Amino acid sequence: MRTVHGNLGSLVLSAFFVFAGIMVLYDTTGYSDSDSKVFPQTVATVLIVFSVIAFVSGLLRPLDEEGFGNGSWWRRFALVVTMLLACFAMPYIGFLAAGAIAFAGGLISAMHDHWTPGKLVLYWGSGAVIMAAFYAVFKFALLVPLP
Amino acid sequence: MLRRTILKSVAAAAIVATTALTANAEITGPVSYIIPFGPGGESDISARLQQPFFKDKFGQELVVSYQPGGGGAVGWATLNGLNGDGQTIMGINLPHIIIQPAQKDVGYTTEGVNAFYMFHFTPDAIVVKADSPYQSLQDLIDDAKANPGAVTMSGSGKASANHLAQIKFDKMAGTTTTYVPFKGTGAAVTALLGGQVKAEWGYTTVGAKQGDAVRMLAVAMEERHPLFPDVPTFKELGFDMVGGAYRGIALPASASAETRQLWSDMIGEINADPEFRQKMLDGGFAMLDVDAAGMEAFMKARVEEYLADAREAGLLQ
Amino acid sequence: MDLGNFLSALTPLNIALALFGVVAGTVIGSIPGLTATMAVAVLVPITFSMDQASALILLGAIYTGAIYGGAYAAILLNTPGTPSAIATTFDGYPMAKRGDGDLAVALACFASVTGGMIGALALLFLAPPLSQVALAFGPIEYFWLAIFGLSLIASLSSGNLIKGLIGGAFGMILSTVGVAEVSADIRLTFGSQTMIGGFGVVGALIGLYCIPVLIDLVAVPDRHLKVENDMRSVRIGEAARIALRSKFNLIRSSVIGTLVGILPGAGGSVAGLVAYSEARRSAKPDQKFGEGEPDGIMATEAANNATVGGGFIPTLVLGIPGTPPDAVILGALLVQGVRTGPTLFQSNGSIVYTFIYGLIIATILMLPTGLLIGRYAYKSIVKIPKAVLVPSVGFMTIIGTFAIRNSISDVIIMLLLGTFGWVIGRFGFAASPIVLGLILGPIAEQGFVQGWIIGDATGNLLGMFFGRPLSQAIIAFTILSLLYPAFSAWKRSRTEAGR
């Protein structure tokens, strides 16, 4: 089962890279300056050729060592989605609040042990300290205009 | 026509209003001065030269930060989204902010940039290595006429001040030279010093920085640069070329008229400082004083000039 | 170059500044997103009120510290703290994973100090002649240098060459997004204004290296790094022995770093990659690069710290900054009234020499401070529970990416690129070829276009690309490093057959 899964992914990605190469070739037709065309066209051609080779060899010789492997999907999703959410929310709720969303998402998705009252206080507390410290260093020492 | 009249009267009213309200705006903390390029270029150097004078005169820190990307376009596209309370300003460059929006949709428009002061420009200049066979501009012209296309000249980027100058000069002198674009003035100078190209379209700043290692053949100024009394202007040699890359500062569009006037006054005051002027001249820059009131007329003239040049050069459709 | 300058560099104030600079630089460099350029830029105003030499010593110390600090995150989190430390991840992270993180950090420190010293000594004794290297390198040489760097893909993706090449090509495509550097087009933005700035290298590094690690970390309950039982043992002695044994590698990598540092168009990341490539080429058969080989870390770290001294050579002698932090320091010098350029060593000799001695002092100070901070960093990364480590690092990636150019869309691009990198990584497309393409793509493109224009104008295209001696040497090295793995495999199979 996993063999098929892994190989299918490789084929889909190879096809994606072929598509990406074609998109690049299409985009270059709109350039006014020939100096901007030569490099992307060459590289896109190389990309398409190798991706086709990868696609064909993936069909002929399926590799079995690839695939998403085991592991919890909701945790992966929770991590990435909360971080993205934090970015989209940042202009409205400010940097610290958005950072807290991302931090909470990461903390919950990375927490594999059981929660005990001690850990609860310690982890969330240290999280708050870490965020405050970074925020202070960036905002006031490095003068980054954080929203 | 009617629209222009209305615009003019609005502008006039704004100017009257600003002078009346100047006292209300003030700077309350460190100012973020964003340079939409990487460090080391003319924009950076001139901002760094302003830094200590600003602190001296107005007591606040001027914090220079770099936001490179898209030949400056990334920074300018974000400018009007920034806070207009006067605590954030951004360096602007001509011809960039005129040519870029005319070429493609880059996320900002020339009119949308709230420029309040143009404080210097770097005059175009043709630079050759000290051991170059070109002793004068005429030598270069003769060679370019005898061997069309074989005279390679480096410069910073395409559709840039250097590139426009090359095209304009080729047309005036009836020569054919080959322009080789590099990433920034530093790389263009390196190529010149390394003998990769025969000459460079640069600025007077190159002559100031490289000293005896290079020789300038002509500068695009009305009169000779005080640092280089021996280098003729293009005008003296019969070519009507005056110009270069202009640099100034802008505020986000949301800034109040008072803030704009305050900033114009502050940068004007730094520009008037003899010590600052001397440092700028020593660096090869040429001073310019276009304040908030004169900006509209100045920009209008430059837009016409650059767009005509770019269209003639085939850089715009 | 007399004793007086050395003594004037040795004032308590200057030593304190050097120490502060090294520590601050190391910390800043270890945070992905905070680069040496930014650290130096923020500190420039402080130096206006200082004496010129002291100001320079502070800036130089921060710079050199930051380049070293980049190794921590590379080794412990698989994320280069600065682009210079890209190749440190190749062997550093595998070492940390198997429980040798403390050893890797100590090795990086020894290598960085060696590289820093050799670079600084080259600056001290050989600056004027070596500055000619910067001028000898024309567009074509940069083009071939980029191709040489790309040839590393072949050895990085052993077993899956095609996928490595696809990654490299894809990375080069990514590098063209946005406003073209030397031509007048906006490419591959598909009408989106957020893409005009293109993919920043630092943001892409954070995304492609760090986000996949985080995604993998949360998925399973295992520990982040394997921990040896005796955490108390200090492995400095062991590291020193390994470093001493690899002295040839260290010196060669430092020389490569110095030379590449002199090239204004290259920088620390290219230096690290070239040195790594060379170390790999000359490896003994029992060395397994890419799986935690100490020589890989040492080559990269020696080379990237050597670029500090190397980069100052064109900066001070020609007035052409070797690297972006050099450009900031050059600006600070100009404000201070120091004119760099051909006459600097004569007209402002004492300041220059005091600065160089300051840089040497800072490099020496890096040894104790680096080992100390390194040990502390290792212990804290190992000890922090995963549930706190992951969100802390995640938060750091967000704030670090934001700080590069104060842009939220950069952070979003970073996250999406990272997730994409994780997905394709699961199917054999590694991140490193993409990063190589992203970094070397622009160098290759500009060199090619400029070389073509010049060659075309002079009517000698073939001679332009293949006729120049320096180009020929780089081409020869490229072919050598491409063929060498095959050659050594052939030799090994012969000796095994003979046995």
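Asp289(B) is partly exposed, with a relative accessible area of 43%, where buried means under 20% relative accessible area, exposed over 50% and partly exposed in between, taken with a 1.4 Å probe and protein chains only. This is a predicted model, in which local features need pLDDT of at least 70, side-chain atom pairs count only at pLDDT 80 or more, and totals for chains, interfaces and linings use all residues. Side-chain values use heavy atoms, with hydrogens and water left out, while residues are numbered from 1 along each chain as its sequence is written, and chains are lettered from A and ligands numbered from 1 in the order in which they are written.

Asp289(B) forms a salt bridge with Arg277(B), and their closest N and O atoms are 3.6 Å apart; the term stands for a side-chain nitrogen of Lys or Arg within 4 Å of a carboxyl oxygen of Asp or Glu. Because Arg277(B) lies in helix H10 (residues 274–282) of chain B and Asp289(B) in strand S10 (residues 286–290) of chain B, the pair ties together parts that are 12 residues apart in sequence. Helices (H or I, at least four residues) and strands (E, at least two) are DSSP runs numbered from the N terminus. Arg277(B) also counts as partly exposed, at 29% relative accessibility.

## Salt bridges in chain C

Over all chains, the structure holds 21 salt bridges. In one of chain C, Arg187(C) is paired with Glu445(C), with the closest N and O atoms 2.8 Å apart. Arg187(C) lies in strand S2 of chain C and Glu445(C) in helix H19 (residues 431–457) of chain C, so this pair ties together parts that are 258 residues apart in sequence. Both Arg187(C) and Glu445(C) are buried.

Arg281(C) forms a salt bridge with Glu278(C), and here the closest N and O atoms are 2.8 Å apart. These two residues are separated by about one helical turn, because they are three residues apart in helix H12 (residues 268–281) of chain C. Arg281(C) is buried, with a relative accessible area of 17%, and Glu278(C) counts as buried at 7% relative accessibility. Elsewhere in chain C, a network of salt bridges links Arg98(C), Asp100(C), Asp102(C), Arg235(C) and Glu238(C).

## Helix H3 of chain A

Helix H3 (residues 73–93) of chain A has 21 residues and reaches 28 Å from its first C-alpha to its last, which is close to the 30 Å expected at 1.5 Å a residue, the expected span being 1.5 Å times one less than the number of residues. H3(A) has a kink of about 30 degrees at Cys87(A), shortly before the proline Pro91(A); the bend at a residue is the angle between axes fitted to the seven residues ending there and the seven starting there. After H3(A) comes Gly94(A), whose phi is positive, near 90 degrees.

The buried residues of H3(A) include Arg75(A), Leu79(A), Met83(A), Cys87(A) and Met90(A). The buried residues of this helix pack against helix H4 (95–110) of chain A, together with helix H9 (201–219), helix H17 (386–405) and helix H18 (408–425) of chain C.

## A nonpolar patch on chain A

Trp74(A), Ile108(A), Trp115(A), Leu120(A), Val121(A) and Trp124(A) form a nonpolar patch on the surface, with about 620 Å² of accessible area together. Such areas come from the Shrake-Rupley method with a 1.4 Å probe, and for residues only the protein chains shown count as cover. Patches are made of residues with over 30% relative accessible area and no salt bridge, like charges being joined within 9 Å and nonpolar side chains (Val, Leu, Ile, Met, Phe, Trp, Tyr) within 5 Å.

Helix H5 (residues 117–141) of chain A gives the largest share of the patch, three residues. Trp124(A) is found in this helix H5 of chain A, and Trp124(A) is partly exposed, with a relative accessible area of 35%.

## Backbone features in loops

Most residues other than glycine have a negative phi, and most peptide bonds are trans. Ala159(B), which is not a glycine, has a positive phi of about 55 degrees; Ala159(B) is found in the loop between strand S5 (152–156) and helix H6 (161–173) of chain B, and is buried, with a relative accessible area of 10%. In chain C, Leu188(C) has a positive phi near 55 degrees, lies in the loop between strand S2 (186–187) and H9, and is buried, with a relative accessible area of 8%.

The peptide bond from Leu94(B) to Pro95(B) is cis, with omega near 10 degrees, and Pro95(B) has its place in the loop between strand S3 (88–94) and helix H4 (96–103) of chain B.

Key: Contact means heavy atoms within 4.5 Å.
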